[in-house]
Amino acid sequence: MSKDILVIGGGIAGMQSSLDLADMGIKVHLVEKLPSIGGKMAQLDKTFPTNDCAI
Amino acid sequence: MLDVGRHPNIELLAYSEVEKVEGEAGNFKVTIRRKGRYVEEDKCTGCGACAEKCPTVVSDAFNEGLGERRAIYSYFAQGIPSTHTIDADHCRQLNGKKCGICAKTCQAEAINFDQEDRILELDVAGIIIAAGYDVFDPSVIPEYRYREIANVVTAIEFERLLSASGPTGGHMDRPSDRAVEAEIAGLEKKAKKSQKAISKLEEKFNEPSAQFYKKYQAGEYKDDEDRKKWADKYTAHLAVTEPLEELKKQAEGFTVAKRLAFIQCVGSRDFRFYPFCSGYCCMHSIKEAIISHEHEPETTSSIFGMDIRAVGKGFEEYKIRGGNNSNITYVRGRVAEITEGPDNNPVVIYEDTRERKVKRQEFDMVVLATACAPIKGIAELAKTLGVELDKYNFIKTSSLSPVDSTTPGIFVCGCAESPMDVPESVAQASSAAERAAEIAFQMDLEKEKAVA
């Protein structure tokens with residue numbers, strides 16, 4: 001039996017889940033359909049309400 | 001993003017899809033298909049020399065088709081992993097033509113045209129669905145004439161135009177102007193070629209073409225084959241240069257877009273498409289208007305909406321700040337139609353509900369705040385995972401367990417669950433991670449018990 005977790009999708013939600021789990025010492029397999037992770041947020045220039053850079 | 005790529009506990013499986021899932025909470029068997037990139041992941045350094053030399057130009061999906069990439073590409077400049085990928089639909093070599101330039105260029109010898117999809121089997125305790133959403137395609141709304149009027153764009157397209165790493169380098173160049181500039185570049189190339197051809201002939205006969213052509217038209221050199229060819233070439237050259245000059249004159253008047261209209265609820269809160277509110281669009285329209293004003297201080301923006309939903313920490317203040325400092329006018333009213341006026345300017349026809357008057361206003365560019373649509377392929381994914389969907393095709397959850405799907409051990413976060421903005425996605429993602437961790441640690445305990 002394994003205690004690994006599978007995360008489907010490498011956008012902001014998938015990346016955050018993966019990092020939280022990995023920091024807890026759990027092995028994560030992050031599957032992304034596209035060639036690179038980042039999702040829609042990587043396409044954004046800035047984010048509201050602080051105008052921080054999205055990447 | 002970078003942290004995900006280098007965390008020792010994260011195995012990144014990009015360009016992969018889940019094919020089969022069996023088992024139950026605590027003990028899932030997952031089959032994953034790693035799609036062939038035709039580039040060896042462990043050899044590619046991401047230097048990009050291959051993409052520089054690749055002769056095939058393809059429209060760039062990351063830039064919403066506003067830019068171009070090559071058939072071998074990295075999805076975007078800072079993308080992780082930086083491994084390049086060959087687009088099998090467009091690559092010349094993979095479509096039976098002679099090429100292989102990338103393989104010759106690659107110093108790491110990473111190109112492998114014979115690479116096939118690989119199947120990977122994983123044992124996992126729990127699964128998190130963070131599949132995201134699709135941007136609603138507004139071309140199905142006839143009155144907004146998206147794709148018919150060049151300067152009507154979607155919010156995500158506008159976002160790429162705003163981005164310093166985007167196709168315009170952050171300048172608010174209008175799509176219609178960019179199309180003219182692309183045409184000028186194409187014609188200039190042709191003109192250079194035809195100029196070269198007639199220059200040779202001018203040298204040969206030692207006479208300027210214009211002077212010769214006058215004589216030729218007057219009937220001189222009737223039976224001279226060589227001169228006939230020259231005349232043909234000269235008329236072909238004129239057929240290129242005359243429209244080129246006209247376009248250049250037109251292009252002189254081009255400036256960046258300064259009068260912007262943002263139309264809210266495009267596809268959402270609309271019973272023809274999605275009746276729900278997409279949640280983030282009011283705020284991202286305000287954000288795009290503020291950023292445009294930062295880029296170009298003369299920019300004025302009108303945001304047309306039924307109401308502005310600024311629900312979130314600091315959101316209302318952001319909205320008011322936009323109105324006070326960034327020349328944003330909030331207009332209460334739903335836009336009835338967009339038509340095209342002079343100079344490719346879109347004209348917005350709407351009812352100002354405060355004055356109860358139907359008005360028309362001309363803009364440089366119109367931005368459609370498109371709905372958050374369920375992602376394509378979610379039905380297949382839900383079937384594979386054995387989870388239920390709600391009536392709009394988002395993953396079904398209940399209000400008291402907002403990250404639990406209908407199957408134990410499978411959790412959901414982000415826009416796969418329902419439309420939400422970045423802060424909410426992040427909060428839900430942490431919540432889903434914690435729920436999944438519960439199962440993982442339970443498995444650990446049971447393992448220890450078995451040993452004892």
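Basis. I worked from a predicted model, in which local features need pLDDT of at least 70, side-chain atom pairs count only at pLDDT 80 or more, and totals for chains, interfaces and linings use all residues. Residues are numbered from 1 along each chain as its sequence is written.

Helix 1 of chain A. I took helices (H or I, at least four residues) and strands (E, at least two) as DSSP runs numbered from the N terminus. Helix 1 covers residues 12-23 and reaches 16 Å from its first C-alpha to its last. I looked up its buried residues (under 20% relative accessible area, 1.4 Å probe, protein chains only); among them are Met15(A), Leu19(A) and Leu21(A). Their cover includes strand 1 (5-8) and strand 2 (28-31) of chain A, and also helix 11 (422-451) of chain B. After the helix I noted Gly25(A), with a positive phi near 90 degrees.

Interface. Counting contact as heavy atoms within 4.5 Å, I found 48 residues from chain A and 84 residues from chain B. Helix 1 of chain A supplies the largest share of the side of chain A that touches chain B, twelve residues. By class, I list that side as 25 nonpolar, 13 polar and ten charged residues, where Ala, Val, Leu, Ile, Met, Phe, Trp, Tyr, Cys and Pro count as nonpolar, Asp, Glu, Lys and Arg as charged, and the others as polar.

How values were computed. Chains are lettered from A and ligands numbered from 1 in the order in which they are written. Side-chain values use heavy atoms; hydrogens and water are left out. The expected span of a helix is 1.5 Å times one less than its number of residues. Buried means under 20% relative accessible area, exposed over 50%, partly exposed in between (1.4 Å probe, protein chains only).
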